[in-house]
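Please look through the structure below before reading on.

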Amino acid sequence: MMAANFEHFKYNEENGLSNQKTVFKGNNYRITVLTERLLRLEYSEVGLFFDGLTENVINRKFPLPDFKVNEDDKYLEITTRYFHLQYQKEKPFVGPKFAPDAYLKVQLNNTDKLWYFNHPEARNFKGKTVGFLEDDKKVKMDKGLYSTDGFASIDDSKSMIFDKDGFLNQIGAERIDTYLFIYRRDFGLCLKDYFMLTGRPPLIPRYALGIWWHRDKTYSFSDTKKLISNFNKNQIPISVLLLGHKWNTKPIIDNKENLDFKTGFTFNKDLFNDPLEFTKYMHERGIRVGLNINPSGGINSYEESYPKISSALNITDGSSIPFNVFDKDLIKAYFEYIVSPLNEIGIDFYWLENENLDELKVLSNYHFNDYKKYQNRRGLIMSRGNGNSVHRYPIHYSGETTVSWDTLKLLPFYNSQASNMGVSWWSHDVGGYKDGIEDNELYARYVQLSTYSPIFRFSAKYGHYYKREPWKWDSNTLNIVKHYCLLRHRLIPYLYSAAYRYYKNGLPLVQPLYYEVPDIYDEPEYKNEYYFGSELFIAPITTKKDLVMNRSVQRTYLPKGVWYDFKTGKKFPGDKRYVTFYTDEDYPVYAKAGSIIPLAILDKNINVTNSPESMEIHVFPGKSNIFKLYEDDGYSSLYEDGYYIVTTIDYNYLANNYTLIIRPIEGKSGIIPNTRNYKVRFRNTREADDVVVYVDKEIVDYESYVEDNDFIVEVSNVKTISQLTINCKGKDIEIDAVRLINEDIDEIISDLEIETRLKEMIAAIIFDENLDIKKKRIAIRKLKKAGLKPIFIRMFIKLLEYASEV
């Protein structure tokens with residue numbers, strides 16, 4: 001008999017009951033006003049209505065909203081600030097084809113927008129919760145929540161339902177059960193309602209924001225030691241080791257292991273003689289361990305857990321036990337005799353796979369809820385999502401992608417579209433998983449995009465010539481990849497604070513540009529751009545560079561405001577289109593005016609992702625701002641009990657006098673290092689004439705200096721429960737480094753392998769302000785007689801065209 005307690009699987013059934021003051025019910029209909037922007041619309045021919053929880057909806061217990069009702073025996077009208085509903089009582093919700101809104105319609109206030117059942121919702125921008133299909137040149141999108149119509153509906157009538165014990169069952173009686181979001185332009189409030197209905201996104205463990213590693217090959221403990229040694233030797237961080245399906249014991253066919261069989265639950269002792277020693281070794285080095293589990297092949301007699309599971313299920317013939325996610329006894333046995341022992345030896349999380357995505361969603365729910373029985377570890381899985389509410393089960397796996405520029409081009413838009421479904425934590429194969437051509441430029445651009453993506457996971461199928469290991473590339477590519485991998489780990493304080501905002505307020509880490517500029521959705525050159533957290537804006541490079549110019553040519557639209565290139569500090573006025581040029585090592589990342597970006601200064605063990613003892617804080621000029629830095633232990637659920645700390649970084653900007661104040665405002669002490677060293681980098685800022693630094697009310701020593709265009713102030717050993725204040729004064733403090741395209745062109749000319757005399761002649765033509773573009777073209781073509789090759793002539797004519805666009 002099984003002794004395990006599965007109380008942690010349960011949801012609170014009372015949360016399925018709406019406030020009766022918001023419910024309007026007849027014989028065949030029930031309409032519930034959940035918020036000013038959210039309606040539940042139910043219709044049943046037999047008058048049966050459902051109050052239980054479903055795979056999508058786990059809460060209907062909302063605060064009482066503000067609304068007005070006007071009804072009589074025949075008609076019902078409900079009005080809020082956002083909508084006006086009209087319904088002819090007891091009539092079907094779906095009207096005749098010639099008048100679909102005849103019986104029920106919802107008008108958006110102060111607009112000409114009208115919703116009715118079977119509305120096409122053609123202006124829905126769609127979203128993505130399932131991974132790539134086999135043909136990953138296109139991604140089939142599902143209906144999302146974001147629409148320029150200002151409304152979106154979710155059909156919950158065919159969803160699986162939870163029983164009282166928290167186990168999912170397949171759908172019950174046929175019914176209409178639709179949730180209608182009517183938000184006009186307040187999409188943030190739509191997401192707030194959605195997360196209150198479906199459950200808010202979990203706070204992922206801090207280590208998940210670091211570098212992941214997976215290869216579909218047979219690793220032994222010895223192999224993993226060599227792998228980690230290579231990461232360390234090349235000074236590349238790794239925070240997660242993810243083992244594919246070959247970690248476990250396989251069936252023997254013709255005296256050989258069947259390595260194609262993907263199901264297994266027992267460590268192969270020939271590979272990992274002591275699994276506990278293996279996980280301990282990794283944990284000591286700051287690396288977490290994930291295992292692939294695909295239960296579709298059943299539980300077989302050679303598994304260590306088989307005797308206990310077969311006994312619990314009264315199976316006596318030694319036969320394979322089919323894995324049925326709807327069999328409660330089997331699921332209980334699976335968690336008690338398979339998952340719990342793996343947890344006890346230090347496995348941190350699981351990568352779940354199953355061809356049936358509905359069954360996979362059920363298993364994902366159970367696995368994530370299973371973590372609730374632990375206080376010393378936080379829930380995390382990786383699986384392929386399906387449908388609504390998958391945000392409750394991060395991380396989301398997009399499938400085996402092809403190595404190609406076409407795939408790379410899809411990924412930023414894919415991440416952005418997921419935000420329309422409230423989903424953030426997508427994980428793609430860095431470098432691509434299979435097929436294609438291994439290309440150093442493509443590989444580096446994958447890494448750069450992944451640095452500014454939700455999850456960074458190296459991955460590839462088995463094969464000697466798939467080069468995911470950075471040290472297998474040339475030295476230039478290795479250095480680029482190393483720089484961005486280190487930057488990713490340095491960005492974790494910024495990313496973890498964004499993860500907390502997503503958990504707390506429902507703000508996705510990645511937000512598409514079209515939330516602010518909807519028309520950009522139809523412009524292919526700009527639709528891939530996105531906001532990354534509260535401070536940064538990314539315009540990803542997804543095409544090959546110009547080989548002659550040796551630059552990637554990037555057309556970028558920057559939204560309203562003032563922006564700075566995150567690396568160079570060059571200034572870009574917003575609401576404008578730009579043509580920019582990027583070398584292999586550079587990437588289009590922009591910080592808004594007043595941006596505050598906290599970075600970790602990495603410890604000697606660069607794998608460790610804990611709250612750092614030393615931080616470098618980048619502060620961009622032009623505007624006052626406040627950044628809230630969130631920290632906790634990074635791995636337990638104690639943050640739910642208040643064991644965390646929020647520190648504000650408050651930048652008060654005046655042209656000749658600016659102050660930065662760092663102080664804790666919420667939470668408990670003892671969560672993060674007791675003292676911290678701060679390196680504050682004021683970007684594009686001249687050396688101040690006068691600097692005063694306080695810790696609480698006491699003036700303290702500091703070190704200040706200029707580095708490139710930045711003014712830096714360093715303060716050591718500041719108590720993290722104290723207030724640090726840095727005040728700087730001076731004249732004309734900001735360096736006005738407006739980006740000029742002539743500077744970019746001059747750098748391109750300088751790098752070309754052509755005679756110096758020709759460079760001088762080219763520059764004299766291109767930078768001559770008295771020549772129009774037509775005359776410049778003619779003059780460039782005439783340089784053929786001076787020895788300029790046609791390939792360079794064509795390149796400079798192209799450059800002139802780019803310059804004319806600015």
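What is the volume of the largest pocket? The largest pocket has a volume of about 870 Å³. The model is a predicted one, in which local features need pLDDT of at least 70 and side-chain atom pairs count only at pLDDT 80 or more, while totals for chains, interfaces and linings use all residues. Residues are numbered from 1 along each chain as its sequence is written, and side-chain values use heavy atoms, with hydrogens and water left out.

**The largest pocket**

- On a 1 Å grid over the protein atoms alone, a pocket is an open set of points with protein on both sides within 12 Å along at least five of seven lines, a cavity is a set of points where a 1.4 Å probe fits but cannot get out, and lining residues have an atom within 4 Å of a point.
- Grid points are joined across faces, edges and corners, and a volume is the space filled by probe spheres set on the points.
- Of the 35 residues that line the largest pocket, those closest to its centre are D565, F566, K567, T568 and D586.
- Two or more lining residues come from each of α9 (475-490), β30 (576-582), β33 (614-619) and α11 (741-751), where helices (H or I, at least four residues) and strands (E, at least two) are DSSP runs numbered from the N terminus.
- The largest share of this lining, six residues, is given by α9.
- By class, the lining holds twelve nonpolar, seven polar and 16 charged residues; Ala, Val, Leu, Ile, Met, Phe, Trp, Tyr, Cys and Pro count as nonpolar, Asp, Glu, Lys and Arg as charged, and the others, Gly among them, as polar.

**Cavities**

- The lining of the largest cavity has five nonpolar, four polar and one charged residues.

**Contacts of Y452**

- Y452 touches, among others, Y484, L487, F566 and Y587, leaving aside residues up to four places away in sequence, where contact means heavy atoms within 4.5 Å.

**An open sheet**

- Six strands form an open sheet in the order β34-β35-β36-β42-β38-β39, with antiparallel pairing, and two strands pair if DSSP finds at least two bridges between them.
- The edge strands, each pairing on one side only, are β34 (625-631) and β39 (698-699).
- Strand β38 (residues 690-695) runs antiparallel to β39 and is joined to β39 by two bridges, and V695 stands opposite E698 in β39.
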